[in-house]
Amino acid sequence: EVSLTKDANDFKESSDTVKHIFTSNLLRQTALDSLQGRGPAQVFTPVVGIPELEALMYNWSFFETNIHSRSYSHIIRNIYNVPKDVFNTIHDTKEIVDMASSVGKYYDELHRINCHKELSSEMTGMVLEQEHIRAIWLALNASYALEAFRFMVSFATSLAMVENRIFIGNGNIISLILQDEILHKDWTAWIINQVVKEDPRFAAAKAECEAEVYQLYLDVIREEKAWADYLFQKGPVIGLNANILKDFVDYTAVGALKEIGVKYQEPAPRSTPIPWFMKHVDTSKKQTALQENESTNYVIGVMSD
């Protein structure tokens with residue numbers, strides 16, 4: 001639905017610095033979105049007990065796989081001359097693989113316990129209940145780290161290009177994905193807060209895993225800052241560089257962790273280092289002249305909270 005003809009020309013005319021930033025960021029988005037497209041439905045639905053939450057899990061997976069992943073595929077196919085050569089380099093970038101595995105290992109552990117419990121259902125005592133609850137709790141927090149930290153940082157990089165009047169079509173697609181991811185972030189935070197209120201087993205898991213969960217978030221933040229150095233190793237773009245992005249990571253961490261009752265103990269800026277990001281978060285603040293840009297204000301397939 002969004003034309004990328006101008007974006008393809010922008011890419012051809014861009015410097016090596018901009019090409020590196022754009023391509024690295026796009027590959028990272030593709031890899032992490034693929035993980036999130038399969039993860040929640042695969043690992044959380046076996047432990048869901050009510051139909052409303054099961055429907056939410058499948059909706060979550062639908063958006064990540066059927067809409068977001070296809071959008072990234074659309075971008076790659078329309079901007080690069082030989083798309084498969086670009087797509088096939090995803091796993092060659094160690095930083096991207098490490099980011100995926102830091103979330104994936106918690107999904108893998110919960111999936112292992114789910115399968116073990118299912119196979120040993122007739123043999124009681126094979127899976128300790130609290131071990132299972134603990135795995136669910138850690139996987140939920142890993143998922144929140146992906147939605148609230150990793151996606152937001154990558155979107156800021158994409159939208160910085162829009163602020164420089166390049167890759168506008170890509171920015172329009174990312175703006176639409178951003179609206180979904182904010183909703184995904186909010187409902188993950190809601191689930192994290194709700195299970196602790198309603199289930200004493202999760203309250204116990206929260207207390208038991210408090211240090212481990214905080215370290216999980218610190219590891220994500222450390223990786224995001226290392227990614228900023230990798231992304232801007234060839235130079236910055238106007239309005240965004242490695243230091244600004246690192247400050248944005250800290251600023252984002254304060255608000256995101258506060259939503260789930262965790263205090264971020266590291267120094268962080270009091271105001272956003274990327275003020276223009278908010279107009280993309282709140283689309284009512286964005287004004288577009290239709291002769292200059294495509295409208296992204298349609299509401300087909302959009303979920304509201």
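A charge is taken to sit over a ring if NZ of Lys or CZ of Arg is within 6 Å of the ring centre and within 35 degrees of the ring normal. By this criterion, the charged end of K19 sits over the ring of F11, 5.4 Å from its centre. The model is predicted, so local features need pLDDT of at least 70 and side-chain atom pairs count only at pLDDT 80 or more, while totals for chains, interfaces and linings use all residues. Residues are numbered from 1 along each chain as its sequence is written, and side-chain values use heavy atoms, with hydrogens and water left out.

Aromatic contacts come next. Rings of Phe, Tyr and Trp (its six-membered ring) pair if their centres lie within 6.5 Å; planes under 30 degrees apart count as stacked, over 60 as edge-to-face and the rest as tilted. Twelve such pairs turn up in a search of the whole structure. In one of them, the centres of F11 and Y80 are 4.8 Å apart with the planes at 70°, so this pair is edge-to-face. Because F11 lies in helix α1 (residues 5-13) and Y80 in the loop between α3 (51-79) and α4 (83-87), the pair ties together parts 69 residues apart in sequence; helices here are DSSP runs (H or I, at least four residues), numbered from the N terminus. F11 and Y80 are both buried, meaning under 20% relative accessible area with a 1.4 Å probe and protein chains only. F11, F22, Y80 and F167 form one aromatic cluster.

A stacked pair is formed by F151 and F155, at 6.1 Å centre to centre and 10° between the planes. These residues are four apart in helix α6 (residues 129-163), and are thus separated by about one helical turn. Both F151 and F155 are buried.

Notes:
Helices (H or I, at least four residues) and strands (E, at least two) are DSSP runs, numbered from the N terminus. Buried means under 20% relative accessible area, exposed over 50%, partly exposed in between (1.4 Å probe, protein chains only).
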